[in-house]
Amino acid sequence: MDNQSKHEKNHENDNTLTNRQGHPVTNNQNIRTVGNRGPATLENYNFIEKISHFDRERVPERVVHARGAGAHGYFESYGTAGDEHISKYTRAKLFQEKGKRTPVFVRFSSVIHGGHSPETLRDPRGFAVKFYTEDGNWDLVGNNLKIFFIRDAMKFPDMIHAFKPDPVTNIQSPERFFDFCASSPETFHMVTFVYSPWGIPANYRMMQGSGVNTYKWVNSEGEAVLVKYHWEPKQGIKNLAQKEANEIQSTNFNHATQDLYNAIEQGDYPEWELLVQIMSDDEHPELDFDPLDDTKLWPNDQFPWIPVGKMVLDKNPEDYFAEVEQVAFGTGVLVDGLEFSDDKMLQGRTFSYSDTQRHRVGANYLQLPINAPKKQVATNQSGGQMQYHVDRKDKHINYEPSILGGLKEAEPAGKEYTPTVAGKLVRESIDRNDNTKQAGQTYREFEHWEKDELISNLVGDLSQCDQRIQDAMIALAEEADEEYGRRLREGLTNAANENQQTEQPSIRKQR
Ligand code: HEM
């Protein structure tokens, strides 16, 4: 008997409401009670299943990057890195052939604010891409800006605590933000970007992306180069002045999600080009910055951006929770031909992502369709909450090695990359740690309106901070660039004078 006729026999069709046990629900309006005024009885399975599932609808929000939007699409390789075949640098299969397409899922996000916060707030934006390659998944977990606040993973929880609301009042304050930043001068370059219009991208389609941390590419000879990844939007780049953001926020706090969703629904598919910067795999003592320092840009006149492919987003998620909320990206998720660098921040990140996802989504998060690779998966992992299926053919032999059967190790894909690592174990900051030079260069490269916005945004927030914090931030700006420092000092002095003038009438009133 086919399903349709079975349904009909049971007075059911495809639209018949059931519970999760498959029982048809004949009354979804009333719980079962003794008489129609109650009391209710506790054996009421349909009600209890429904309400207790509802009680569990939320999983823990991401500890950062809680507010996001996602879409499906594909990455198309150029097969080359500039004029050269890409195999010179990497043997990663997804890059090898011109025109080769790999499915992707992308999640854009803001960082600090909660799940339904306005999308107009000043904040970096996340730009995380999952490539479902023939060799398994590759996650490129980046941001819109090309640098970051800190260069050591040890500081990340403190940084996020300072940027999030006060644990007593639950109120966010610029004083907490700047208290941390003034005390961590390596943040100054990032602060310069975030307080400029680059801190409020107009939407997700018109922003850049960057892997931020330094990775490696490995070729078939087992030779490596250092790489940085960047996404360039074909739609152009657009950022907002604070006033424009305020105007949008007063009527719409979902504008970026809506913009992405609508564009894809209307067939106006957003597109980004993937570009890389490449450096030989060494410490580069000739540079005045460390290539592994994620608070620094690699100057593009010395390390040009080389196009290697493009990405198109052409399908909206079918269910926000199943896809956008449950998707789990991690910096440790690499395929053959792609490698880590020694960037210690990247290594700290790599532990953190999968760790939080085992807590946030569950031990078997990689079995969910959005996270599972689109290729054969065969492991000896067994059990754990919500195991959905067994991913090996031989159901008995869940160990390796075995004479009886079970899974066997794969053949290596090429010559293994075996870097030599030697040195004293220490807890130290890197040597080349000039915190303000590049911030000064970035300031000087801003357009006039961007500089004006930067100063006015900084003055607006810093004027609410303790004088010692203001002084430390002015000192960093002065160190970065004479004009930057002078304008910030003048702005803060004027703001203090204005505050005094506006405060006086109320003091007089009180007397
Ligand atoms: C040591 C520094 C860092 C640590 C410990 C860290 C940790 C985390 C954690 C725990 C999450 C939540 C993941 C989840 O619940 O699925 C997250 C999300 C994210 N992080 Fe980081 N992060 C760090 C630095 C960075 C940097 C430098 C970038 C930019 C390159 C970045 C980009 C992202 C993005 C885009 C997401 C959201 C991914 C998504 O859409 O699901 N993080 N991070």
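Which element gives the largest share of the shell around the ligand? The points below take this up first and then turn to the rest of the chain.

1. Ligand shell. The model is a predicted one. Helix α9 supplies the largest share of the shell around the ligand, namely eight residues. The shell holds 27 residues, and among these H65, R107, G126, A153 and V212 come nearest to the ligand. The elements that contribute two or more residues are α9 together with the strands β4 (101-110), β5 (125-133) and β6 (136-143).

2. By residue class, the shell around the ligand divides into 13 nonpolar, ten polar and four charged residues.

3. The annotated position. In the UniProt record, an unreviewed entry, the feature "binding site" is placed at Y353. Y353 sits in helix α9, which covers residues 344-360. Helix α9 is also the element with eight residues in the ligand shell.

4. Surroundings of Y353. Is Y353 buried, exposed or partly exposed? Y353 counts as partly exposed because 18 C-beta neighbours lie inside 10 Å, and a residue needs 20 or more to be buried. Leaving aside residues up to four places away in sequence, Y353 touches F329, G330, T331 and G332.

5. Overall fold. The protein contains 13 helices and twelve strands. Its C-alpha trace spans about 80 × 75 × 45 Å along the principal axes. Of its 511 residues, 36% count as buried. Among contacts with a separation of 6 or more, 72% are between residues 24 or more positions apart.

6. Domains. The domain assignment gives domain 1 as residues 17-57 and domain 2 as two segments, 68-164 and 200-367. The C-alpha centres of domain 1 and domain 2 are 45 Å apart.

7. R468. A further position to check is R468, in helix α12 (residues 467-480). R468 counts as exposed because it has 10 C-beta neighbours inside 10 Å, the limit for exposed being 12 or fewer.

Terms used: Residues are numbered from 1 along each chain as its sequence is written. This is a predicted model: local features need pLDDT of at least 70, side-chain atom pairs count only at pLDDT 80 or more; totals for chains, interfaces and linings use all residues. UniProt positions are given in the numbering used here, feature names are shortened, and annotations may be inferred rather than shown by experiment. Helices (H or I, at least four residues) and strands (E, at least two) are DSSP runs, numbered from the N terminus. Two residues are in contact if their C-beta atoms, placed from the backbone, lie within 7 Å. Domain bounds come from an automatic or database domain assignment. A residue is near a molecule or strand if its C-beta atom, placed from the backbone, lies within 6 Å of it. Ala, Val, Leu, Ile, Met, Phe, Trp, Tyr, Cys and Pro count as nonpolar, Asp, Glu, Lys and Arg as charged, and the others, Gly among them, as polar.
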